[in-house]
Every structure is written in structure tokens, then in C-alpha cells.
Amino acid sequence: MAGTESNAVSAAIGARVRAAREERGLGLNALARLAGVSNSTLSRFERGLGSPTVDVLVPITRALAVTVGEMLGEQYGSEELHRLRRENAKLKKALREMTR
């Protein structure tokens with residue numbers, strides 16, 4: 001992923017974490033304590049100043065009671081995602097058959 005795109009993704013994830021934290025009425029210190037991460041790590045992350053590792057993102061999402069997918073901007077639930085994947089596979093197969 002290009003640097004600017006990576007920065008934009010990190011900023012978007014950080015903004016989602018901050019919004020979820022604020023919706024729950026949690027301060028930065030409270031979420032950091034619940035997630036077991038340092039205040040500075042969480043603060044940098046929320047401001048989009050670094051890409052979170054899975055080891056940091058997972059405890060934060062658990063403390064916020066959201067999925068990692070939600071923080072990554074996942075638009076579909078797992079059922080819908082599976083349906084779309086099956087539909088995509090059928091379309092690819094039909095396309096291959098048409099081009100034979």
C-alpha cells in the first residue's frame with residue numbers, strides 16, 4: 001500500500017476508534033486502561049499518526065465491544081459478505097464459460 005493511502009487508512013481507523021470511544025462516554029485514559037495499551041499509543045493511533053498492529057487493535061475493539069471489521073470500515077455483515085462472495089464466484093464461473 002502506498003504511503004499516502006496507508007496514512008489515510010490509519011487516520012480513518014483512528015477516527016472510528018475515537019468516535020466509538022466518545023459514543024460510549026469513555027475518556028482516552030479509560031479506554032487505554034480497559035484495552036491494556038498506553039495512553040500515548042492510543043492517542044497517536046486515534047490521531048492517525050501510526051498504523052496499529054493487530055496486537056493493539058484487537059484489545060481496543062474488545063474494550064469498545066465492536067468488531068475489527070467495523071473499525072476497518074467493513075460495510076457488510078458476515079452473512080451478507082458470504083452471499084456476495086458466492087454470487088461473485090458464480091459470476092466468475094459464468095464469465096469463464098462464456099469466453100471458452
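How much accessible surface does the protein have, and what share of it belongs to carbon and sulfur atoms? The total comes to about 6900 Å², with 53% belonging to carbon and sulfur atoms. Those areas come from the Shrake-Rupley method with a 1.4 Å probe, and for residues only the protein chains shown count as cover.

Some ground rules. This is a predicted model, where local features need pLDDT of at least 70 and side-chain atom pairs count only at pLDDT 80 or more, while totals for chains, interfaces and linings use all residues. Residues are numbered from 1 along each chain as its sequence is written, and side-chain values use heavy atoms, with hydrogens and water left out.

The fold, then. We have six helices and zero strands. Along the sequence that reads α-α-α-α-α-α. Helices (H or I, at least four residues) and strands (E, at least two) are DSSP runs, numbered from the N terminus. The protein has 100 residues, and 25% of them count as buried. Buried means under 20% relative accessible area, exposed means over 50%, and partly exposed is in between, with a 1.4 Å probe and protein chains only.

Now contacts. A contact means heavy atoms within 4.5 Å. Take the contacts with a separation of 6 or more: 56% of them are between residues 24 or more positions apart.

Let me show you one residue from the inside. Val17 is in helix α1. Is Val17 buried or exposed? Buried, at 0% relative accessibility. Leave out residues up to four places away in sequence, and Val17 touches Leu31, Leu42, Phe45, Glu46, Ile60, Leu64 and Met71. One C-alpha distance to go with that: Val17 to Leu57 is 9.3 Å, across 40 residues of chain.

How many salt bridges does the structure hold? Three. A salt bridge here is a side-chain nitrogen of Lys or Arg within 4 Å of a carboxyl oxygen of Asp or Glu.

Start with Arg18 and Glu46, whose side chains meet at 3.3 Å, N to O. Arg18 lies in helix α1 (residues 3-23) and Glu46 in helix α3 (residues 39-46), so this pair ties together parts that are 28 residues apart in sequence. Arg18 is partly exposed, at 32% relative accessible area. Glu46 counts as buried, at 5%.

Next, Arg21 with Glu46. That salt bridge has an N to O distance of 2.7 Å. Again the pair links distant parts of the chain: Arg21 sits in helix α1 and Glu46 in helix α3, 25 residues apart. Both Arg21 and Glu46 are buried.

The remaining pair is Glu23 with Arg24, where the closest N and O atoms are 3.7 Å apart. Glu23 is exposed, with a relative accessible area of 66%. Arg24 is partly exposed, at 37%. As for shared partners, salt bridges join Arg18, Arg21 and Glu46 into one network.

Charge also gathers on the surface. Which residues form the patch of positive charge? Lys92, Lys93, Arg96 and Arg100. Patches are made of residues with over 30% relative accessible area and no salt bridge; like charges are joined within 9 Å, and nonpolar side chains (Val, Leu, Ile, Met, Phe, Trp, Tyr) within 5 Å. Lys and Arg count as positive, Asp and Glu as negative; His and the chain ends are not counted. The place of a charge is NZ of Lys, CZ of Arg, CG of Asp or CD of Glu. From this patch, take Lys92. Lys92 lies in helix α6 (residues 78-98). Its relative accessible area is 48%, partly exposed.

Over to helix α2, residues 28-35. Ala30, Leu31, Ala32 and Ala35 are buried there. Asn29 belongs to helix α2 as well, and at 45% relative accessibility Asn29 is partly exposed. The C-alpha atoms of Asn29 and Leu42 are separated by 8.8 Å, with the two residues 13 apart along the chain.

Last topic: backbone angles. Just after α2, Gly36 takes a positive phi of about 75°. Ala65 has a positive phi too, about 60°, although Ala65 is not a glycine. Where does Ala65 lie? In the loop between α4 (54-64) and α5 (68-71). Ala65 counts as exposed, at 68% relative accessibility.

That is the tour. Questions, please.
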